[in-house]
Amino acid sequence: MIYIVEDEPAVRELILYTLNTAGLEAKGFEDGQNFWRGMAERTPSLVMLDIMLPGEDGFTLLKRLRSSKKTNTLPVIMLTAKGSEYDKVFGLENGADDYLVKPVGMMELVARTKALLRRASKEKDAETLVLENICVNIPGHKVTVDKEEVFLTLKEFDLLTHLVKNENTVFSREQLLRRVWGIDYVGETRTVDTHILTLRGKLGSAGELIKTVRGLGYKIGNGL
Ligand code: CA
């Protein structure tokens, strides 16, 4: 779903029509107020913002999107007026991913939208690690098991991320200390055991994926 905030009905309708024709689902809003209502209903996969709008302008909407953890990586395209270099630069500097100059060429609109959606989905994949029913969102520092959020301490999170990134690789306690804690805690390997224990507990059923390899250390995953 793509959201478009554009106050000129003719332009808004043309963009909606173009995106729909290209097989992209889209919804238009005439101002920020309606847009935020739409955002409360669902988070789209991409947003297009006109700059001159009644009420909050496009830059204000962009800043608000970027300041919220939920939408700070949401792909945004600014619709800028022809010849307005300032709008382009200001938008890009404030976190817009791309811009389109009005009047927007319809082929370009579709091409840029699809390109940005592809880029965003690739980035999203790289930022999220999935192992069985565990999902680790690295930038969001969020872990879910069966889509239920699990609350981890910073070190538990780092430990889990390191293990999941290296699925089925066995790490000794010393290696984990060095790689996760970053310091040589000689003789403090019990720290690792303690963290593994609480991590397993917090992950619930998925905790069984963390294996103790006798005489060696720990790994995550069911494979060899
Ligand atoms: Ca406008």
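User: Into which domains is the protein divided?

Analyst: Happy to start there: this is a predicted model, where local features need pLDDT of at least 70, side-chain atom pairs count only at pLDDT 80 or more, and totals for chains, interfaces and linings use all residues. The domain bounds come from an automatic or database domain assignment. On that basis, the protein splits into domain 1 (2–121) and domain 2 (128–220).

User: What distance separates the centres of domain 1 and domain 2?

Analyst: The two parts to compare are residues 2–121 and residues 128–220. With the centres taken over C-alpha atoms, the separation is 39 Å.

User: Which residues coordinate the calcium ion?

Analyst: Donors here are N, O and S atoms within 2.8 Å of the metal (3.2 Å for Na, K and Ca), and since water is not among the atoms, sites may look incomplete. In sequence, the donor residues follow the spacing D-x42-D-x1-M. At 2.1 to 2.3 Å, the ion is coordinated by Asp7 (OD), Asp50 (OD) and Met52 (O).

User: How many residues apart are Asp7 and Asp50, the pair that links distant parts of the chain?

Analyst: Helices (H or I, at least four residues) and strands (E, at least two) are DSSP runs, numbered from the N terminus. Asp7 sits in the loop between strand 1 (2–5) and helix 1 (9–21), and Asp50 belongs to strand 3 (residues 46–50).

User: Is Asp50 buried or exposed?

Analyst: Buried means under 20% relative accessible area, exposed over 50%, and partly exposed in between (1.4 Å probe, protein chains only). Asp7, at 28%, counts as partly exposed. Asp50 has a relative accessible area of 3%, so Asp50 is buried.

User: Which residues is Leu79 in contact with, leaving aside its neighbours within four places in sequence?

Analyst: Leu79 belongs to strand 4 (residues 76–81) and is buried, with a relative accessible area of 1%. Leu49 is 30 residues from Leu79 in sequence, yet their C-alpha atoms are 5.8 Å apart in space. Contact means heavy atoms within 4.5 Å. Beyond its sequence neighbours within four places, Leu79 touches Glu6, Ile15, Leu49, Asp50, Ile51, Leu100, Lys102 and Val104.

User: Is helix 3 roughly parallel or roughly perpendicular to helix 4?

Analyst: Axes are lines fitted to C-alpha atoms, for helices over the stretch in contact, and angles run from 0 to 180 degrees between N-to-C directions. Angles under 35 degrees count as roughly parallel, over 145 as roughly antiparallel, 65 to 115 as roughly perpendicular and the rest as oblique. The axes of helix 3 (residues 58–67) and helix 4 (residues 85–93) come within 10 Å and cross at roughly 10°. That makes the two helices roughly parallel.

User: How do the residues of the contact of helix 3 with helix 4 divide?

Analyst: Phe59, Leu62 and Lys63 from helix 3 meet Asp87, Phe90 and Gly91 from helix 4. Ala, Val, Leu, Ile, Met, Phe, Trp, Tyr, Cys and Pro count as nonpolar, Asp, Glu, Lys and Arg as charged, and the others, Gly among them, as polar. The contact therefore divides into 3 nonpolar, 1 polar and 2 charged.

User: At what angle do the axes of helix 7 and helix 8 cross?

Analyst: In this pair, Arg173, Leu176, Leu177 and Trp181 of helix 7 meet Thr191, Val192, Asp193 and His195 of helix 8. The two helices are roughly perpendicular to each other. The axes of helix 7 (residues 173–181) and helix 8 (residues 190–203) come within 9 Å and cross at roughly 80°.

User: Which residues does a cis peptide bond join?

Analyst: Most residues other than glycine have a negative phi, and most peptide bonds are trans. Pro103 lies in the loop between strand 5 (98–102) and helix 5 (106–127). With omega at about 0°, the cis bond joins Lys102 and Pro103.

User: What is the phi of Glu132?

Analyst: Glu132 is in the loop between strand 6 (128–131) and strand 7 (134–137), and at 56% relative accessibility it counts as exposed. Although Glu132 is not a glycine, its phi is positive, at about 50°.

Technical notes: Residues are numbered from 1 along each chain as its sequence is written. Side-chain values use heavy atoms; hydrogens and water are left out.
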